[in-house]
Amino acid sequence: MADSGLSRRSVLQLGGSVALLFATGACAAGSKDSGSGAKSAGPAAGTLRIAVSSYLSSWDQDFVGFDLTALMLYKNVFPYLIDYGVTDAGGSKILDTQNITPTFAESFEPSADQKVWTLKLRKGVKFASGNELKAADVKWSKDRAFAAQANVAGVYRTIGLTEASQVAVVDDYTVTFTQAFPSALTRQIQAISLYVFDSVEAKKHATADDPWAKDWLAKNAPTGGYFNVTKATQGQEIVLEANKGYPGPDPAKAATIRISVVPDGSNQRLQLQNGDIDVALGIGQRDIADLKKADGITVVSAASNEQVAIQMSVTTAPFDDVDVRKALAYAVPYDQIIANVYGGDARPTKSLVPLDMPGYDAGGYPYTYDVEMAKAALGGRTVNSELVFETDNATQQQIAVLVQSEARKAGIELKLTPLDPATLAGRRQQKNIPLQLTSGQLWVNDVEYMLATSFVKGAALNYSNFTNAEIEQIYEQSHTTVDETARLALWKRVQQVFAAEVPWVIICQPNFNLPVRSTVAGWVQPMDGLARLRYLSTSA
Amino acid sequence: MRLLRFVARRLLQVVPVLLGVVVVTFVLVRVLPGDPIRTILGPNATDADAAAARARFGLDKPMWQQFLDYLKGLATGDFGTSIQSGTSVGSELALRVGPTLELVVLSVSLALLIAVVLGVWSARRADRFGDHSVRILALVGNSMPEFWLGLVLILVGYSALGWFPAPSGRVDPDTNLTPLTGADLLDAILTGNGPAFTSALSHLALPVATLAIVVVAPLLRSVRASALEVLRSEAYLAATTHGLRPRTLLRGYLLRPTLVRLPALAALVFGTAIGSTVLIEYVYSWQGFGQWALRGLLYRDYPVVQASVLLIALGYVIVFLIADVVHAVLDPRVRI
Amino acid sequence: MAEVRVEAGARSFSRVLILTGAAILVVVALAALAAPLLSSWGPEEIDANATLAGPGGAHLLGTDTNGMDVWSRLLYAARLDLGVAVSAVALAVVVGTALGLLAGYLGGWLDDVLMRIVDIFQAFPTFILALAVAALLGNGTVNLVITIAAVNAPAYARLVRAEVRSIRELPFVDASITSGASTVGVLWRHVLPNSLTPVRVIAPLNCGWAMLTLAGLSFLGLGVTVPGAEWGAMISLGSPDVVAGRWWTSVPPGLALLVCVLGFSLLGEGLQERADARRRS
Amino acid sequence: MTHLLSIEDLSVLIRRPGRDVAALSGVDLHVDAGEVVGLVGESGGGKSMVARAIVALLPGGARTRGAVRFEGADVLAMDEAALATHRGHGAALCFQNPRGALSPTRTVGRQLTDRLTTHQRMDKAAARETARQLFEAVGIRNPARRLDAYPHELSGGMAQRVMISLATGCAPGLLIADEPTTGLDVTLTREILRQFRHAADTDGRGVLLISHDLASIASVCDRVVVLYAGTVVESGPVAKVLREPAHPYTRALLASVPDVSGRPARAIGGAMPLLPSPPAACPFAPRCAHATERCTAQRPPLTGDGWAYACFHPQTGGGAAAPGAPPPPPRGGAGRGGVGGVGADALPRPGGAPACPPPPPGAAPAAPVTAPPPQRTAAGRVVMEIEDAHVVYGSRFGSGGHHALRGVSLEIRAGETVGVVGESGCGKSTLARLMLGLTAPSSGTVRLDGIDLHAQRGRKLRRLRTRARLVFQDPVGSLSPRRTVADAIGEPLRALGVPAAERAERVAQVLARMNLDPAMLRRHPHELSGGQAQRVGIARALVGDPDLIVFDEPTSALDVTVQAQILDVIAELAGDASRGSVFISHDLATVRGFCDRVVVLYLGRIVEQGPVEEVFGNPRHPYTRALLSSAPSLDGGYTGARVELAKDLEEADAATGCPLAARCPFATDECRAEPQHLTPYGAAEAACWRVPQIPALIREGAHTRA
């Protein structure tokens, strides 16, 4: 992706602000990110029933909050003009974030100076209203996004798009985006931003008070994507039907998908076992082992680069002391967590760099469970602190309990503090959480990227408040280092620094697991956590 | 009319209470730790993004200004805009209230019916075996945590016996029920949708049973005690010694004086039941008001929390008002 | 002259209720106190080799998903559940009674103001109040006590106020006033002891209810935090296991809660019945 | 001959866990059609049990022996169907507390038509019309409107009338009335009793009239039966039983009630026992002055025909007084030939002569045989002074308050006892509260020992308050349920800061003075009998040596013989020269016993006041006359000209002028327009301008209902 002359640094730093690079925590729409063992099944036209944990909060992507159910649905019902391709990884199909291809668009290509990107629309794409998707719709949608000053407007800034005038209609099927500066991230950003409203229909509902038809669009599902919403029963069920008017590649395989809202994981499991649903997106880790043995249920499973870690705040006592950090690293029962919490369905790791990332070095995290070593690191002290995790995240809670129990043996007394989303967000802003359990996956499989998001000064996900002059310097250096071996050498040094500084306790990399009825095929593991339902089919 | 005047006067009396609730809620949600804006932005948003979003929801203004705006909105029936969904809280509320009310009203009505029938039955057999068993059973029901009972009923009624539909909704969407009030049963009746009615009824059965079992005990106790008191009262004794027929005794001399004290308690139970629905909605995937309010609270969705607390308080107050009116209708001694 | 046989029957049944309820509570309390003797595992002790182990063997009632001994947690949880419920109700009684006493006896604007505050509190949803207290004061047992007390106190204030207002009109209060007793003296020596009669009956019932509230809060993640042993939290933690046929993680705490709340209910019902019988005779 | 009702050797034993009660032990009595039989005795004597037995409504667990025959059939052996007809249609009960006995949520009309349709098989319309007629017959004005009233909308008298109509609406052969006039004012009592006489006379029903108060029912009864501890001690014609009571208990019962004529109450000691088993001896023996060994060894049988008594030592020679007492007063008034005693002349009796014109006031011998209380030496210092006091119980927003006292002025001196009388609602209790500082006057002043009571605050007020004490109507209720007797009595001392040791000593002293066992000190109020509790109440009043004691109806909640005991105690205290006393009562007779002065209150105003003999002997105000006229009496009672008021108090409309105008038979337009002020007439004062004309008016017969 770094194939242009623009500064790597700016690209990567900007990249840090792209939403969902590192989705923290569990989420409704399948956060157990990894590849999938999709056995390619023929196109099926059955009805697929999927359970999710919550109903979407709004149909209007421009104004929605951080609602993963909603974002997942948008991916399937909005016409996204470009999207990730699919690739095989270890026998599973996963979304290929490096390969962004036009879907509803014909093409999306830059000018020579990489500043002007021309979007050519596919002809014959129809909204449910019968209106054809045209350049005017793209223009209206982007104007609306700028006017909203919200989600898309925010990410567009990273690629030098700040004003509506930068988006121009050339003809009915051609739109140009004129960026203030070239960016290597343009495709990535546009992949999550190029969704289009049916502007003809929307304008009908615009009023003087509400020129962008916010009220109407919040309540009425967008159309024109791979699926159209034929019915939405608030809080309960959404029915999707394949969009017959999509002329591009990879049309939806399932004719009808019913998405039902079932907040309780056990309840989802019951229904999956009873055959009342085909895919359960909200089943907890604990049920996986049972479900693997259950009749009629297949657990789609794959290794993943999801990292489960405890980020230790290096600026907050007592973890400002590296010895205390080391002590905790020795005190965490890694194997026990993998066995008890993940039922063995996770990979132990020896570095903060994910296992499947180029440059992984098994010497990057030389800590194993050893209470004596932990005590030695503490030098006879006992310390008190707090371990924060998400209120309704059963997996994190289980890990926290195990960590607390073992840390106590080493002389680290931890108070467990489950926080609701708002409080967690608030406290993260204040940067005063001594220990927090995080889980997530990097969107770009590169250490430089990892540093940019999590380990350099001011990085958005740097909950450890970690700063290290050498890391900063290596990071700086990496922007201009293109030689693969030289980069690997840098990464080795990075991992040495991490081994000494221990900003994180890296617990494990759990495998992705999704229980489905055995009749379901075609699952593509979404790297951004947002399931692409078009690949799914059922033979029931 | 006297009754209307009474209602109007009572409504005036509740204004300060509601105002108090409004103020307390407004301050409370803002005093709570946690940042609603950050929860909608995701982890990677910049401070500028946050500021923009804050401005969008008016949260950058001083608190008193926000309060005035909120009050102004309330006066025009505008509950504000949900931070999480960006839609009007009023419209979300409208969707959420129906299902919960349906659940609570049916449950409490069922509980009342059971309480009156069994309570009177029990009182007439005071201190015999039947009376004792009814009371103990009611107490057992009252002693179960509703979420646990819900779980047990799902396992038995859905998993094991298969008598009831999957606990994942309120009515089979295939019945094409047109939502009018949000209360499915009512909507089915209003639109004459037979299959939807059956479906809604079968979905309601377990949650209503759960809630009714949990709340029936205090009602039963009260009815039994009142009935017993009436049965032992001189008035009833007088009617008995004057040789009135059993039917006349039951209808004219036992039932009404027994029910006189019930409305106030029923209102209280109704309030408790509203509290309990949060748990029951969770267990039965009942997308109602409780779930919505709880989620709003967890995400510090200020307008949602404010609206839901105000609504619960209003509901509480109205239920008590209704109770008072019913009491006044039942009991001629009450002056209104 | 009332119906003597019925009265007698009621009296004996009320005694059965009271004794059964009290016996249940005593057994539970003793079990809670003797927890270390009755179980070889600590309530938060993890048996790394046995998560979700079935009953029998080293673990009488098996282990939960964290590998903690269910039987041991069940016993220790009784301490917390009983402790929180009883102290929350005690606090509610003290605060509510004080408010009710003042409002009822002094009347006037103080009464109006206090009662409006009580109204506001009563109209406030329990769980929101609970979360607010937890968020403001932090998690912890003491704060749970405060939360549950805050939810219950208004009812006592009302109850006592109503009682005081009727007692205030009784001759013995006049007798005391004309004896030259001060307001505090009248309140303390005459009004208070007599206004507590209904409180004594309601309080046990309320303890059971407080216990259920605590369990509900824990179920929603607003109550006792892991790994604290509390029945509601145990049910919440164990409920997914039931679906998988592992009943021992959530059925025992559910039953324990049921039995304990039933103990309070029986006691309360018995006391109520006795009070009713006394009132009639 | 078969009686309508005949109870034969009825015993009822009630088994309670731990304690049995022999409620009735071998009771024999009968009632014939057209006859009014009185059943008298103190509470616990078994009167209500008799009533219940007649309708087979005995408490569960009750063991019966003997028979209750109604028209020959044994009620106790009836099956459900027969009982259903018997109840109501055969025998119908009128309850003591009519408001409690009327279903609160059904209109009285419906309750009556329920009975009519059940027992008289009427259809709805006919039932309603009959109900209206019945209401009218029992003296309810506006009967059609009242049919739709709920019980709580009725006054006590009205409710009792409804109750009677309900009972008669069942068309029973036998009407049983359980204490039908308890709690009613004297003027109303006569009215209600008249209804029962009427039921017997016109419809030929048998009536069983149950009462604790012989005097009040004597006037309407043909025969009386006296119950004591579940046994019949005496029964017979009214003339015999009341004139020449043979049984010592009957005599004691009669002597315990003071008479308005001035005869004071005479007490006998002890209280009626609750027997655990049928008595083997005379149950009255322990209290009887004539008891011999035989009485304690053997139960005397009820002997005699027509007039029977169960006593080995019957006291013959007549006279409603205990042995050793002065002879009974001669029957006052000429022409009283009736069999039924004094009151009989006031009521038209079948075949009886209408009441003779009463003798002119003062002409007839007032004949107080007992000497009036010795006129004490000129009273001492003023301890209580009320000046033009008004009390308004406000509704909170000022309007529609209840004006309880309107310009009352009163002075009480040390050594003096002032009686305050009036009907319920006249402001008696408010006056008491005013004097004790429990109620503040809206205007006017109240001075205790010369200090303005309501201008004081805090400690000073509390100290001042201990100078005046109140003895309450409800003896048990006035004691704090959770405090011991010692605590209760010692409370005034505690307030004065008397140290604990001295307190205990003084409490013990006063307790001894009240003849109470020192062991009583540790008891709680619910362990005390009514009489004991009232002694404790008096002890509490006395302990701080107050300057003023106010007795607010101190005996009205007590049983007759106990009442006499308490009156004895009070009479003794009232003689103390260092202290002023106020005795409030609705019962004129008790006041006459030991008061120096009497104040008659009516609707918050003093209508007449003066020396006790003056007011009783020569009443001026029409209201005083009416009160005296209606006072029940066995001894001859009030001998002056009788005056009857026109309406019940509750029905009287407020007027701008004289408050009595609406009820007064002598009222003129001037009365209705002009407020009346106390004017001296002889030694007394009355608030009526027509006082001089009234004797003449009475002679003209103008006192027939206006």
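## A helix crossing in chain C

A crossing of two helices is left-handed if the near helix is turned anticlockwise from the far one by less than a right angle, and right-handed if it is turned clockwise. With that in mind, take a look at chain C of this predicted model. Here H7(C) passes H8(C) in a right-handed crossing. H7(C) covers residues 171-178 and H8(C) covers residues 183-195. Their axes come within 10 Å and cross at roughly 150°. Angles over 145 degrees count as roughly antiparallel, so H7(C) is roughly antiparallel to H8(C).

## A helix pair in chain B

The axes of H5(B), residues 89-124, and H13(B) come within 7 Å and cross at roughly 130°. The two helices are therefore oblique to each other. On the H5(B) side, the contact is made by B:Glu92, B:Arg96, B:Val97 and B:Thr100, and on the H13(B) side by B:Phe289, B:Gly290 and B:Trp292. These residues divide into three nonpolar, two polar and two charged.

## Where chains B and C meet

Chain B also touches chain C: 37 residues of chain B are in contact with 39 residues of chain C. Several helices of chain B give two or more residues to this side, among them H6 (129-142), H9 (194-231) and H14 (302-330). H13(B), residues 289-298, is also one of them; this is the helix that crosses H5(B).

The largest share of this side of chain B, seven residues, comes from H1(B). The class count for the side of chain B that touches chain C is 28 nonpolar, five polar and four charged residues.

## Domains of chain A, and a pair apart

The domain assignment of chain A gives two entries: domain 1 (8-282 + 514-538) and domain 2 (307-510). Taken over C-alpha atoms, the centres of these two domains are separated by 32 Å.

Chain A and chain D, by contrast, do not touch, and their nearest C-alpha atoms are 47 Å apart.

D:Asp474 sits in the loop between strand S17 (468-471) and helix H15 (485-496) of chain D. How many C-beta neighbours does D:Asp474 have inside 10 Å? There are 19, so D:Asp474 counts as partly exposed; a residue needs 20 or more to be buried.

Leaving aside residues up to four places away in sequence, D:Asp474 touches C:Pro171 and D:Ala557. Between D:Asp474 and D:Leu209 there are 265 residues in sequence and 26 Å in space, C-alpha to C-alpha.

How values were computed: Residues numbered from 1 in each chain as written. Chains lettered and ligands numbered in written order. Predicted model: local features only at pLDDT ≥ 70, side-chain atom pairs only at ≥ 80, totals over all residues. Contact = placed C-beta atoms within 7 Å. Helix = DSSP H or I, 4+ residues; strand = E, 2+ residues; numbered from the N terminus. Nonpolar A, V, L, I, M, F, W, Y, C, P; charged D, E, K, R; others polar. Domains from an automatic or database assignment. Axes fitted to C-alpha atoms, helices over the stretch in contact; angles between N-to-C directions. Parallel < 35°, antiparallel > 145°, perpendicular 65-115°, else oblique. Buried ≥ 20, exposed ≤ 12 C-beta atoms within 10 Å, placed from the backbone.
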